[in-house]
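Dear colleague,

Please find the structure below, handed over for your records. My notes on it follow directly after.

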Amino acid sequence: MIDQPQLSVADFRQTTGAIEAEVGKMIVGQRDVIRMVLLAILAGGHALLEGVPGLGKTMLIRTLSQVLELDFSRIQFTPDLMPADITGTEIMEEQGGGRRGFRFQPGPIFANLILADEINRATPKTQSAMLEAMQEMTITVANETYPLPRPFFVLATQNPLEMEGTYPLPEAQLDRFLFKVDVRFPSAEELNEILRRTTGDETPDPGPAASGAQILAMQQLARQVPVATHVADYISRLVVATHPGSSPSALVNRAVRYGSSPRGAQALVLGAKISALLDGRYNASFEDVAAVARPALRHRLILNFEAQANQISPDQIIDDLLAVLSRD
Amino acid sequence: MQTDIGIEDLRPYFRRWGKRRRLSALLLWGPRGLQAGLLAGVVVAAVARFRPLLTNDEVGLVGMIAAGIGLAFGAIWALLQGRNLDEQARFADRAFGLRERMVTALQLARGQINAPGEWQVHQLADSVSAARDVDEKAALPLALNLQDWAVILMAVVLLAAAVIIPNPVEAAVREARAVQAVVEEQIAALEALQEEIRADPALTEAQQEELLRPLAEALQTLREGDLTREEALAALSAAEGELRELAGENDTRTLREQLAEAGQALTGSESGRPAAEAMEAQDLAAAAERLGELASQLPGLPVEEREALGRSLSEMGRELQGSDPQLAEQLAAAGTALQQGDLEAAREALEAAQATLEERAQAGAAGEAAQSAAEALAEGRQEVARAGEIGEAPSVEGNQPGQPGAAGAGQQPGQGQTGQPGQPGTQSGQPGTAPGQPGGGSQQGQLPGGGTEGGGHVDSVFAPPLRDLSGFEGVDVELPAECRDRPESCGFLLDQTPTDFTDERSIVPYEQVYREYASTAYEALNEDYVPLGMKNFVRDYFSSLDPGR
């Protein structure tokens, strides 16, 4: 008799189902967005949500923090936001006996779930303060390194329309987001439901569905999902094919200036594994890869002028790649 | 959770799916292979309609063979599917929507990828469970592709049409093959002829080389392969022409005949009788030998005998002046010397005459060999000309002017004056011996179209004799000198021509000339090789000239 894993696939599915259900109490529709953000969290990665104002990005993240019972910090990025406003700073204080000393005052980044709202409004200097935190999960202030609490997720939002006074995220920082999730405008039916829920006297109250410890266990379980060699090979070929020159996709060769980094491949593998678990399987499949290809790669493709002029989107390129790339 | 599960639990499914897959593939690839073979046959049939490659029967056979090969390849391809376990697993994942469960299970079992032990068991159990739910009959239906069968039907119809509908170029295919077969025969015949010439002790090396050269050139051309009838005929004709030229250059027949006649003069002399007998027998080598013996016997002959011999030799010299001036001069010199009593000079002259006769004998041997080879080539050429045309040419018998039954046998060119069938003679119907050609020998039998009834044959190359046309600006014909003395030897032409030969010309009525020429031409069209496109041209030409129109 083999011991059951501490967390079974059924538990995994049940927990994620519960999380999605609780979030669904607050967020109408946007199932794909919720699924992808959850995937990013379960993969231990960060997500960038892009959408016009008013689509519920901030509410989604705040709801997630409630459902997951995680420490939550919201940082509103503005042009005058300084790095120390995020990371924290040394402050002088009376230490008794007339002595004074410095004490580190942790910033809002010291939380499990960080909402970096309108991240592209902060200056590059402030944005770069997030780099170490997102990659190393530590903060260094005055030569002192402080570990961030686990689990640690940065869920950032940005508005694609208002470009005045914004600082587009540099490629290095974009690459650190596991997924970039596009938040679409709701349908008429969804809008009706939003109106019903938000203009009545009933206020939905999502309850907790998982703890931080459970999230960490789920992350560990997800990493155990085996990926067959030809699926892993497909992922590698897919990422290589995002680079122009030798890509089987004519669209890539025509529209892409620079393709995905190896982090894109990592995002695809982790995303595929969790997608398989959410589907109740014990192995990743091509379909799982395809399901996470758009959010995993769209922010990693740097398009050339021709693509921008012709309004070719990264999603179109990814779809084309998935269509032309052989699975054999 | 089932824990005693292993990869072996998946094998029965793989086997079952493999069978189904092969059966399904057989129904797909079998017809497609058949289709490909039939379409290849249709392409061959289409090409065979424009190029002389295959007969209709062969097109059908090729189509069937191609279809069989295509079907076999399709079946083999189908039956080879899914023999490898990895490939089977991948196919199952793809065909049954198993989301890479089978491949992952296989790779986990083989240790190609890693996962915790219990995870492997879960994955395998999940895979077996998914395999159990597979409905391979629904996923791999045994259905015939109607589109494929429609194409097959169309290809079969096209192929059948190609076999049934007569192919305009099929005659050319048969002809080319017949020509090729005859050419092969001619190659063997020419090689045998070469051996014969090499083994002929009567020929010197130089003569052999001279005779072998045209044969070797003809052989080289014939061996090149893929020859058209015209090319083969040209090669044989060229060799034949050269050999006939060689035969003409070394023709000693006139000399032998003249010598036989002139040798009668020696019969009056006892010592010259052996030589006279050899000359009468037209044996030049023996005659030369007898002359040599005569030269050595001169001192022992009585004076009267020597004088008589001298007169005989002088007379011989005069008679041979027209046929061989050199020999005539030598014999005359011997005769004069004997009459003058100069034995030494007479001996020398006789020995010179002996040497000349030996030379003539040697040349005669070469000429005969050349003549024999040329005749063999002519026969070969005839065979090439007839190859593949048996019964093909439209018959014009009885409908053309000058044909037997229309104008009578005696009106046929080359036939005897008295209405007897034409005499083939020794030169009958051979090219290069048309009337009027110098050294052609007897006029009789050299006229074109000697007539098959007379045992001769029609030349493959129509070469009408040159005749003067009465009342027109005709062609001057040089008749052989013998026509003056023996007009009957020149055939009906002279007999029917109102001429006294004072201008050495002959006149023939237009109707007669037309009849004879047209008859010969139609006969040639029937029996000889004339390019297809040219046959109508020839008929139209003679129709336009017909005086009865």
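In this predicted model, strand S1 (residues 46-50) of chain A runs parallel to strand S8 (residues 153-158) of chain A, and four bridges join the two. Within that pairing, Leu49(A) has Thr157(A) of S8(A) as its bridge partner. Helices (H or I, at least four residues) and strands (E, at least two) are DSSP runs, numbered from the N terminus, and two strands pair if DSSP finds at least two bridges between them.

As to conventions, residues are numbered from 1 along each chain as its sequence is written, while chains are lettered from A and ligands numbered from 1 in the order in which they are written. The model being predicted, local features need pLDDT of at least 70 and side-chain atom pairs count only at pLDDT 80 or more, whereas totals for chains, interfaces and linings use all residues.

The sheet of chain A

S1 and S8 belong to an open sheet of five strands in chain A, ordered S2-S5-S8-S1-S9 and paired in parallel. Strand S2 (72-76) and strand S9 (177-182) of chain A stand at the edges with a single partner strand each, so one side of each is left without a neighbour in the sheet. From one strand to the next the twist averages 15°. Helix H3 (residues 57-67) of chain A lies across S1, S2, strand S5 (113-117) and S8 of chain A, and runs at about 170° to S5(A). Axes are lines fitted to C-alpha atoms, for helices over the stretch in contact, and angles run from 0 to 180 degrees between N-to-C directions. Two residues are in contact if their C-beta atoms, placed from the backbone, lie within 7 Å.

Loops of chain A

The peptide bond from Arg150(A) to Pro151(A) is cis, with omega near -5°; Pro151(A) lies in the loop between strand S7 (144-147) and S8 of chain A. Two residues other than glycine deserve mention for their phi values: Met137(A), near 60°, and Asn143(A), near 65°. Met137(A) is located in the loop between helix H5 (124-136) and strand S6 (138-141) of chain A, and Asn143(A) in the loop between S6 and S7 of chain A. Met137(A) counts as partly exposed, with 15 C-beta neighbours inside 10 Å, whereas Asn143(A), with 5 other C-beta atoms within 10 Å, is exposed. The cut-offs are 20 or more other C-beta atoms within 10 Å for buried, 12 or fewer for exposed, and partly exposed in between.

Chain B and the interface

Helix H2 (residues 56-79) and helix H7 (residues 146-164) of chain B pack at an angle of about 155°, with their axes 7 Å apart. H2(B) is therefore roughly antiparallel to H7(B) (over 145 degrees; under 35 is roughly parallel, 65 to 115 roughly perpendicular and the rest oblique). The contact is made by Asn56(B), Val59(B), Gly60(B) and Gly63(B) of H2(B) and by Leu159(B), Ala162(B) and Val163(B) of H7(B).

Between the chains, 19 residues of chain B are in contact with 17 residues of chain A. Helix H4 (101-110) and helix H5 (117-132) of chain B are the elements that give two or more residues to the side of chain B that touches chain A. The largest share of that side, seven residues, comes from H5(B).

Yours sincerely
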